[in-house]
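The entries follow the order in which I looked things up.

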Amino acid sequence: MMATFEGIERLHPFTVPPGAYAKLSPDQLANAARYGIQRSYTSDTRLYRQGERAADLYIVLEGIVQTFWPEPINGEEQFITLEPGEFSGELNLLNQRETLIAARALKGSSVLRIPRERLREFLIAQPDIGELVVRTIVQRRQWFVQIGVGGLTLIADGESSHSEKLARFLAANSYPFRVIDTQRSSDGQAIIQERGLRDSDLPAVISGKWILKRPELRALADKLGISEDVREGITWDVLVVGAGPAGLATAVYAASEGLRTLVLDNYAAGGQAGTSSRIENYLGFSNGISGAELAKQAQVQAEKFGATVAICRTAASIDCSEEPFLVSLDDDSTVAARSVVIATGARYRKLNVKSLERFEGTGVHYSATPIDAHSCLGLPVVMVGGGNSAGQAAMFLSTRASHVHMLIRGPHLSSTMSDYLVQRIHASKSITLHPCSEVVSLEGSSRLSHVTWQSVANEEITRFETEHLFVMIGADPCTAWLRDCVDLDPNGFVRTSFGSEERGLFETSVRGIFAVGDVRSGSVKRVASAVGEGSVVVAAIHRHLGTL
């Protein structure tokens with residue numbers, strides 16, 4: 001019998017997915033017993049609290065364990081019942097972040113408690129159990145995100161850019177949340193009055209324990225614990241700056257080989273690839289995979305092996321004059337590392353159009369995620385860009401929007417886009433291609449309302465009514481923080497392949513500092529190549545560490 005979900009059906013008409021509450025077999029329970037301590041309870045006993053960090057893993061042997069949480073708005077307690085063979089926890093088991101929900105053992109129950117300090121050893125030494133546990137907690141978090149279990153309530157002030165920014169950030173970091181829009185819901189106004197909020201306090205984020213008014217992303221990340229403690233005072237074997245495919249691949253291979261690994265990213269795991277609606281030419285995924293899903297799985301994999309992934313941590317500068325290297329962050333903290341891997345990728349390139357920034361977050365998009373697509377259901381959209389990312393986004397949006405108008409600067413797509421995408425775009429009745437065209441102006445009051453473009457070939461001007469403009473025209477390298485540390489090419493990308501074969505293809509002009517992925521000069525801008533570079537560079541890191 002699987003876990004049961006009680007007390008919340010009237011709020012969420014969902015059933016618990018079986019994969020989110022898998023059971024250990026009797027043989028697996030016997031093997032797990034070597035790593036834990038068996039405890040029995042003669043009365044109801046709390047095992048850990050909501051918001052607690054580094055909670056242990058509890059496997060139910062007899063009786064019942066309840067995992068529970070209060071609703072952020074009304075405080076009503078909801079709970080999930082775990083039965084013998086099932087276990088507590090979700091992605092928090094792999095990192096130092098706060099638990100989303102609490103747990104208690106009911107009277108007459110018996111559990112196997114595996115301490116946090118033995119958990120990683122347990123998961124690696126027992127691969128069949130480790131695979132089951134990791135697969136289960138990933139699916140459990142997916143379900144938590146789907147219906148907001150144990151998460152937050154975002155009180156939005158209409159379709160403001162700040163509200164949208166917070167929602168995107170939470171979604172990108174797989175954090176459960178629900179949105180109540182004060183302009184569309186009477187419940188929103190009631191919550192404002194109950195919590196003593198003013199319109200000037202919105203958007204606000206509410207948990208069971210606290211309220212953040214108009215929070216910046218860093219403050220929210222710190223409150224949720226996803227910024228992680230970078231633990232000043234220790235020296236990391238490997239510091240990876242950037243959590244895109246290249247950085248996460250480096251983290252997986254470095255951590256799996258026993259290197260103390262820290263990954264920093266200023267927003268969320270995945271980089272630009274994480275915003276891709278679907279990657280169809282990545283080896284092993286014949287039906288394609290979204291960039292967000294690929295990034296999430298890679299982050300889980302890295303954390304399973306012991307890497308620390310810290311979000312909203314931005315590298316501001318690096319002192320590479322001596323070892324260990326010292327990287328200063330934008331919050332004035334400092335990280336020391338014996339080797340550094342630059343995997344900062346590139347930032348979205350912007351159109352040179354007046355008023356562009358005014359509509360960012362209120363009509364101008366730089367990604368085509370489900371959140372973006374939801375806001376343009378049944379509406380016409382304009383897409384600018386002719387690369388693979390733009391092509392994938394256009395195909396994705398064509399199934400949601402009423403029509404996609406795709407603007408490219410050149411006469412055709414074949415020189416910039418994979419053939420399979422070119423064929424699909426030409427065959428789609430929901431996409432109109434406008435070659436040799438460029439955007440010349442944007443209009444709107446509080447939101448985007450019109451996009452005007454001009455044909456370079458005949459100077460014909462088109463003024464088009466739309467609330468959504470998607471811009472995917474490439475990116476520039478994120479290397480300003482490196483300053484005079486390593487050699488850059490004329491376009492700002494990091495030069496590599498200095499010196500002998502022993503130093504490898506990815507070492508920069510400074511020994512012990514490497515570059516992989518899109519930020520590297522001459523790299524192939526593909527997810528597969530970024531992952532390959534991130535995995536291969538670890539061999540060179542080992543050689544460097546061996547010389548210290």
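Is Cys312 buried or exposed? I found that Cys312 is buried, at a relative accessible area of 6%. I took buried as under 20% relative accessible area, exposed as over 50% and partly exposed as in between, with a 1.4 Å probe and protein chains only.

I noted the basis of these entries: the model is predicted, local features need pLDDT of at least 70, side-chain atom pairs count only at pLDDT 80 or more, and totals for chains, interfaces and linings use all residues. Residues are numbered from 1 along each chain as its sequence is written, and side-chain values use heavy atoms, with hydrogens and water left out.

Entry on positive phi. I recorded a positive phi of about 60 degrees for Cys312, although this residue is not a glycine. I located Cys312 in the loop between strand 16 (308-311) and strand 17. Helices (H or I, at least four residues) and strands (E, at least two) are DSSP runs, numbered from the N terminus. I then looked up Ser174, which is likewise not a glycine and has a positive phi of about 50 degrees. Ser174 sits in the loop that joins helix 4 (161-172) and strand 10 (177-181), and I found it buried, with a relative accessible area of 17%.

Entry on cis peptide bonds. I found a cis bond from Leu202 to Pro203, with omega near 0 degrees. Pro203 belongs to the loop between helix 5 (186-194) and strand 11 (204-206). I also recorded the bond from Glu323 to Pro324 as cis, with omega near 0 degrees. I placed Pro324 in the loop between strand 17 (315-319) and strand 18 (325-329).
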